[in-house]
Amino acid sequence: MDVDTPAEELASALGVDKQEVKEDLESLLGYSVPLEEAKQSIRRKHGGEGGSDAAQPESVALDEIAPGQSNVTASVRVVTVGTRTIQYQGDEQTIREGRFGDETGTISYTAWQDFGFEAGDSLVVGNAGVREWEGEPELNLGSSTSVAMAEEPVETAAEIGGDSDLIELSPGDRGRNIEAQIQEVETRTIDGRNGETEILSGVVADETARLPFTDWDPHPEVDAGASCRIEDVYVREYRGSPSINISAFSAVTPLAESVAVTDDAPQLPLAEAVDSGGLFDVAVVANILEVRDGSGLIERCPECGRAIQNDQCRVHGTVNGEDDLRIKAILDDGTATVTAIIGSELTEEIYGGDVADAKEAAREAMDKAVVAETIREELVGGSYRVRGSLSIDEYGANLTVADFAGDDTDPVARAQAVLAEVDG
Ligand SMILES: [Zn+2]
């Protein structure tokens with residue numbers, strides 16, 4: 001849009017510098033203020049008391065900010081502040097990120113330098129950029145952005161500070177604080193940016209949920225069984241479920257009282273669980289339609305644990321395969337199907353024997369497939385209550401089973417039991 005002509009008209013009408021009017025006009029149009037409204041607000045700025053002290057353009061409401069706008073000025077309340085180091089154009093850079101709020105809603109932000117603000121501060125942010133992040137507008141605070149304390153507190157409905165129950169966390173959350181029990185933890189060595197690095201990974205729980213975590217800068221307080229307050233974590237998606245990330249900027253404080261944890265996983269229809277994109281801990285009640293090939297007595301690569309055939313691992317080549325038991329079963333509850341992956345311990349219970357028993361049965365029948373056949377007879381057609389971790393990838397929906405039990409609330413099983421009694 002040509003702003004020269006309206007800027008010139010306006011400047012001569014107001015008797016002020018054209019360049020200044022033009023910049024204000026461009027800035028207002030930049031955040032989608034209609035031309036007439038923009039001209040009016042510039043008239044107001046230069047009219048009345050004849051003062052030109054209010055050099056700031058008017059603040060825009062957070063729910064009016066859209067990707068593609070620039071030079072945005074907004075009055076905001078700092079809801080959360082997280083600190084993180086990222087790789088940016090080959091350099092390690094420390095950024096601040098979180099959410100700002102006002103009366104109309106909240107917006108996420110990334111600050112490329114430390115402006116020194118904290119959660120709860122009321123600010124006027126000037127000349128911020130807007131970019132799109134995960135489909136939503138995000139304010140970008142760079143070297144040309146100004147940050148000043150607001151004269152009055154900015155009201156927002158958002159809860160200040162980032163304290164969160166685990167169930168509230170979603171991928172993309174930054175600057176959150178949790179209080180949780182460390183249920184499982186293991187040390188792992190990874191090939192990081194700076195060579196081999198030790199990290200911690202495991203599971204945390206509170207009264208609302210259990211979630212996986214990674215501590216990228218191992219804190220000694222993150223210890224199995226400990227209850228901790230962990231400030232400034234960020235949340236990423238891991239196999240479709242939220243995963244907590246603890247960094248060098250996180251503060252971990254042991255709690256004197258242990259955090260109560262949930263024993264239950266949310267029970268969902270399969271379709272809902274699959275639609276969620278993956279869940280770390282979910283319970284379903286479903287029928288087993290089929291026990292798939294690759295069940296029963298199988299061989300695994302001793303290096304990586306992958307299931308192999310004919311002593312060939314696709315990563316490690318020819319290896320001496322180790323015998324193991326597992327089940328891959330198709331679960332269906334009428335809303336969707338998933339593949340349940342049942343590990344050796346539960347498979348032993350279902351099969352009613354261990355690897356040695358299975359090998360013995362296979363030798364007698366001169367056919368490994370008899371093991372899967374026994375399992376098939378045991379499981380197919382029954383209804384089960386299954387709890388585990390659901391992941392969705394290009395190969396489909398897989399539920400890695402942690403708990404497995406016959407479902408005593410199954411109507412068919414109940415009906416059959418009743419019939420059996422009647423017949424008896
Ligand atoms: Zn292997």
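Reader: Leaving aside neighbours within four places in sequence, which residues is Asp-206 in contact with?
Author: This is a predicted model, in which local features need pLDDT of at least 70 and side-chain atom pairs count only at pLDDT 80 or more, while totals for chains, interfaces and linings use all residues. Residues are numbered from 1 along each chain as its sequence is written. Contact here means that the C-beta atoms of two residues, placed from the backbone, lie within 7 Å. With neighbours within four places in sequence left out, the contacts of Asp-206 are Asp-165, Leu-166, Glu-179, Ala-180, Val-259 and Val-261.

Reader: Is Asp-206 buried or exposed?
Author: Asp-206 sits in the loop between β8 (195-205) and β9 (210-215); strands (E, at least two residues) and helices (H or I, at least four) are DSSP runs numbered from the N terminus. A residue is buried with 20 or more other C-beta atoms within 10 Å of its own, exposed with 12 or fewer, and partly exposed in between, the C-beta atoms being placed from the backbone. Asp-206 has 20 C-beta neighbours inside 10 Å, so this residue counts as buried.

Reader: How far apart in space are Asp-206 and Ser-258, C-alpha to C-alpha?
Author: Along the sequence, Asp-206 and Ser-258 are 52 residues apart. In space, the distance between their C-alpha atoms is 9.8 Å.

Reader: Which residues is Ile-95 in contact with, leaving aside its neighbours within four places in sequence?
Author: Ile-95 belongs to strand β2 (residues 91-102). There are 18 other C-beta atoms within 10 Å, so Ile-95 is partly exposed. Beyond four places in sequence, its contacts are Arg-84, Ile-86, Thr-110, Ala-111 and Trp-112.

Reader: What is the C-alpha to C-alpha distance in space between Ile-95 and Glu-345?
Author: These two residues, Ile-95 and Glu-345, are 250 residues apart in sequence. Their separation in space, C-alpha to C-alpha, is 46 Å.

Reader: At what angle do helix α1 and α2 pack?
Author: Axes are lines fitted to C-alpha atoms, for helices over the stretch in contact, and angles run from 0 to 180 degrees between N-to-C directions. Helix α1 covers residues 4-14, and its axis is 9 Å from that of α2. Angles under 35 degrees count as roughly parallel, over 145 as roughly antiparallel, 65 to 115 as roughly perpendicular and the rest as oblique. α1 and α2 are therefore oblique, with a packing angle of about 125°.

Reader: How many charged residues are in the contact of α1 with α2?
Author: From α1 come Asp-4, Pro-6, Ala-7, Glu-8, Leu-10 and Ala-11, and from α2 come Lys-18, Val-21, Lys-22 and Leu-25. Ala, Val, Leu, Ile, Met, Phe, Trp, Tyr, Cys and Pro count as nonpolar, Asp, Glu, Lys and Arg as charged, and the others, Gly among them, as polar. On that basis the contact of α1 with α2 has 6 nonpolar residues and no polar ones, and the number of charged residues is 4.

Reader: Which residues of α3 make the contact with α2?
Author: Helix α2 (residues 18-30) and helix α3 (residues 35-46) pack at about 135°, their axes 10 Å apart, and are therefore oblique to each other. On the α2 side the contact is made by Val-21, Asp-24, Leu-25, Leu-28 and Leu-29. On the α3 side the residues are Leu-35, Ala-38, Ser-41 and Ile-42.

Reader: How far apart do the C-alpha centres of domain 1 and domain 3 lie?
Author: Domain bounds come from an automatic or database domain assignment. The division is domain 1 (4-46), domain 2 (62-149), domain 3 (166-254) and domain 4 (270-415). For domain 1 and domain 3, the C-alpha centres are separated by 51 Å.

Reader: What is the phi of Asn-127?
Author: Most residues other than glycine have a negative phi. Asn-127 lies in strand β4 (residues 122-133) and is partly exposed, with 17 other C-beta atoms within 10 Å. Although Asn-127 is not a glycine, its phi is positive, at about 55°.

Reader: Is Met-366 buried or exposed?
Author: Met-366, which also has a positive phi, near 55°, is in the loop between α6 (355-365) and α7 (369-379). It has 7 C-beta neighbours inside 10 Å, so Met-366 counts as exposed.

Reader: By what distance are the C-alpha atoms of Gly-396 and Val-338 separated?
Author: Gly-396 is in strand β21 (residues 396-406) and counts as exposed, with 11 C-beta neighbours inside 10 Å. Val-338 is 58 residues away along the chain, and the C-alpha separation is 7.6 Å.
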